[in-house]
Amino acid sequence: MSYFFDLVIVGLSIGMVYALVAIGISLIYSGLDVVHFAHGEIYMLGAFIGLVIYEKLKLPFPVVLLGSMIVTGLVGVFIERVFYRRILRGGGGYTVAGMAMVICGFGMSIVLQNVAFLIWGARALPFPVSYGMPIEVGNVTLPAAYVWIVVAALVLMTGLHLFLKKTRLGLAVRAVAGNKEIAALMGIDVGLTISVIFGVACALGAAAGVLVGPINYVQVQMGIGVLIKAFAAAVIGGFGNLPGAVLGGLLVGVTESLGAGYLSGNYKDIYAFILLIIVLMIRPAGMFGVIGKVKA
Amino acid sequence: MSTDTTASEPMLVTTDVVGGYGSVQILNGVSLKIARGQIVALLGGNGTGKSTMLKALSGLIKPWSGTIVFDGERIDRLRPDKIVRRGLVQVTQGKEAYPAMTVEENLLLGAHTRPERAVRARGLERTYEYFPILKERRRQLTGTLSGGQLQMLCIGRGLMSEPKMMLLDEPSAALAPQVVLEIFRTISRICRAGMTLLMVEQNVRMALLLAEYGYVIKDGVIHLQGPAETMINDDAVRLSYLGGTVADRDAKMAL
């Protein structure tokens with residue numbers, strides 16, 4: 001029973017990491033109508049930037065987390081302004097520009113990997129932060145790292161929720177996600193809001209990277225697997241739906257963990273996709289998705 | 001009634017506005033003049049260019065040539081959000097409210113350019129005073145509102161930023177006559193409180209009953225203009241451009 005419990009905790013925490021990346025992918029999709037395929041590299045970049053901040057400045061881990069989110073968020077805004085914006089002028093979604101944007105995302109993913117390779121090399125670097133001693137809850141002992149990942153992710157998600165529901169800018173983000181033309185008629189600077197969406201999405205991706213750092217190595221290709229899992233999570237939840245992305249991420253994480261624990265660790269990467277196929281067979285638009293999307 | 005637009009500096013003047021989408025030219029030189037506090041109707045059937053003109057005024061499309069001067073300053077090269085900040089707001093059709101937001105969130109969106117707490121509170125209060133039903137339903141999802149309530153919501157949303165002038169995009173579209181009447185009554189109240197208004201309408205009689213001055217647009221140019229009372233009684237005008245039914249006469253009584 002304790003083995004099962006451990007697997008669930010591990011699954012939930014890795015699921016939270018997928019969820020953070022999936023939220024970013026979903027946010028960008030709902031705001032810009034494109035799937036951002038370089039988001040795994042944003043996650044990787046976030047981990048490296050976190051590592052640099054930690055090693056150079058020796059700041060406490062929560063500050064490192066925030067610092068990496070801010071820096072990576074700004075990098076995301078830069079990428080969006082300089083590269084994606086030009087392409088997206090022609091529209092997103094199923095337009096030619098939308099297709100070009102997908103390809104541009106793949107290109108950006110390769111570019112970012114190589115930039116990271118030139119700066120940090122191909123070696124897997126340790127992130128020498130300890131999450132501390134295991135935490136005892138009743139008669140169960142929980143590994144601290146996994147608990148803190150879940151807690152940190154929950155705090156970030158709550159923050160995002162409050163931002164979207166309670167602030168003027170958050171409302172503008174939702175309006176732009178729903179309909180850009182109407183948003184402009186409300187006096188919203190749509191271009192600026194899209195940059196905000198992109199920045200927030202990248203900051204969340206970076207947070208995922210930094211949180212995973214200490215239990216994993218930081219390495220140039222770490223984003224590839226996570227992107228695919230997070231993408232599966234977003235699709236399972238219903239693309240563009242944020243609560244769906246969280247639930248999808250958790251489902252993917254737990255399924256993967258239980259599969260690895262009870263069936264075979266060698267096929268760890270398959271379980272998420274078996275889950276994806278099953279969910280899409282039953283609900284083609286994902287759990288919370290609506291066919292013929294109604295947004296905002 | 002004031003048709004004398006030279007009495008004060010006009011609120012909105014457009015001169016030979018030409019524009020369209022892609023390479024398709026829709027507006028072939030539209031000139032309008034709207035005085036402060038005036039209610040003006042822009043009339044025309046489907047595909048005549050009245051919606052395109054509205055888009056040009058609110059900045060959603062850039063005119064190819066011609067000028068738009070609002071409150072003494074040119075706005076034809078400005079982005080839509082800058083135009084809203086100048087005090088010219090387009091009231092969308094009811095179907096353009098955000099269905100997955102609550103009624104109050106939709107209203108607050110209208111006050112996006114006004115972060116001041118007092119302005120937002122005042123705007124909500126004013127809107128709820130004009131449309132009490134919105135207050136009752138303020139916590140509900142907008143998608144649950146009826147067509148008339150959606151139109152009320154959009155008018156209220158337009159009021160939230162306390163604009164100098166509102167552009168109304170077919171406030172009667174797809175609504176039952178009784179509801180149209182109620183909405184037009186409230187629009188009339190809003191205007192009496194000092195709003196300048198340009199209303200695009202297909203419901204010609206209704207629009208001319210409320211407006212002081214009317215323009216008829218056809219094939220992207222102004223074909224006809226004049227004081228609303230003259231227009232509404234002009235059989236030639238009605239037959240050639242406006243259509244209209246006997247039932248509208250009852251509406252006039254009610255207004």
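**Entry 1: the A/B interface**

I looked up the contacts between the chains of this predicted model first. I find 16 residues of chain A in contact with 21 residues of chain B, a contact being two C-beta atoms, placed from the backbone, within 7 Å. On the side of chain A that touches chain B, the elements giving two or more residues are α6 (168-178) and α7 (180-185) of chain A. Helices (H or I, at least four residues) and strands (E, at least two) are DSSP runs, numbered from the N terminus. The most comes from α6(A), with six residues. By type, I count ten nonpolar, two polar and four charged residues on this side of chain A. Nonpolar here covers Ala, Val, Leu, Ile, Met, Phe, Trp, Tyr, Cys and Pro; charged covers Asp, Glu, Lys and Arg; the others, Gly among them, are polar.

I note the conventions used: residues are numbered from 1 along each chain as its sequence is written, and chains are lettered from A and ligands numbered from 1 in the order in which they are written. As the model is predicted, local features need pLDDT of at least 70 and side-chain atom pairs count only at pLDDT 80 or more, while totals for chains, interfaces and linings use all residues.

**Entry 2: chain A overall**

I list eleven helices and two strands in chain A. Along the sequence the pattern reads α-α-α-α-β-β-α-α-α-α-α-α-α. The C-alpha trace spans about 60 × 50 × 35 Å along its principal axes. I checked the radius of gyration, taken over C-alpha atoms, against the globule rule of 2.2 Å times the number of residues to the power 0.38. A compact globule of 296 residues would come near 19 Å, and chain A has 19 Å, so the two agree.

Of the 296 residues, 52% count as buried. Buried means 20 or more other C-beta atoms within 10 Å of the residue's own, exposed means 12 or fewer, and partly exposed lies in between, with C-beta atoms placed from the backbone. Among contacts in chain A between residues at least 6 apart in sequence, I find that 73% join residues at least 24 apart.

I compared end-to-end spans with the expected value, 1.5 Å times one less than the number of residues. Helix α8 (residues 190-212) of chain A has 23 residues and should span 33 Å; its end C-alpha atoms are 33 Å apart, which agrees. Of these 23 residues, 19 are buried, so I record α8(A) as mostly covered. Helix α10 (residues 242-263) of chain A has 22 residues and should span 32 Å; its end C-alpha atoms are 31 Å apart, which agrees. I record α10(A) as mostly covered too, with 16 of its 22 residues buried.

**Entry 3: Lys268(A)**

I find Lys268(A) in helix α11 (residues 268-282) of chain A. With 15 other C-beta atoms within 10 Å, Lys268(A) is partly exposed. Leaving aside neighbours within four places in sequence, Lys268(A) is in contact with Glu256(A), Gly259(A) and Ala260(A). Glu256(A) and Lys268(A) are twelve residues apart in sequence, and their C-alpha atoms are 5.9 Å apart.

**Entry 4: chain B and its sheets**

I list eleven helices and ten strands in chain B. Of its 255 residues, 45% are buried. Among contacts between residues at least 6 apart in sequence, 70% join residues at least 24 apart.

Strands count as paired when DSSP finds at least two bridges between them. One open sheet of four strands has the order β2-β1-β4-β5 (chain B), with antiparallel pairing. β2 (24-34) and β5 (73-74) of chain B are the edges; each has a single partner strand, so one side of each lacks a neighbour in the sheet. Strand β4 (residues 65-70) of chain B runs antiparallel to β5(B) and is joined to it by two bridges. Phe70(B) stands opposite Glu73(B) in β5(B).

The other sheet I looked up is open and mixed, with six strands in the order β6-β7-β8-β3-β9-β10 (chain B). Its edge strands, β6 (88-91) and β10 (221-227) of chain B, each pair on one side only. From one strand to the next the twist averages 20°; axes are lines fitted to C-alpha atoms, for helices over the stretch in contact, and angles run from 0 to 180 degrees between N-to-C directions. β6(B) pairs with strand β7 (residues 165-169) of chain B in the parallel sense over four bridges. Met166(B) in β7(B) is the bridge partner of Val89(B).
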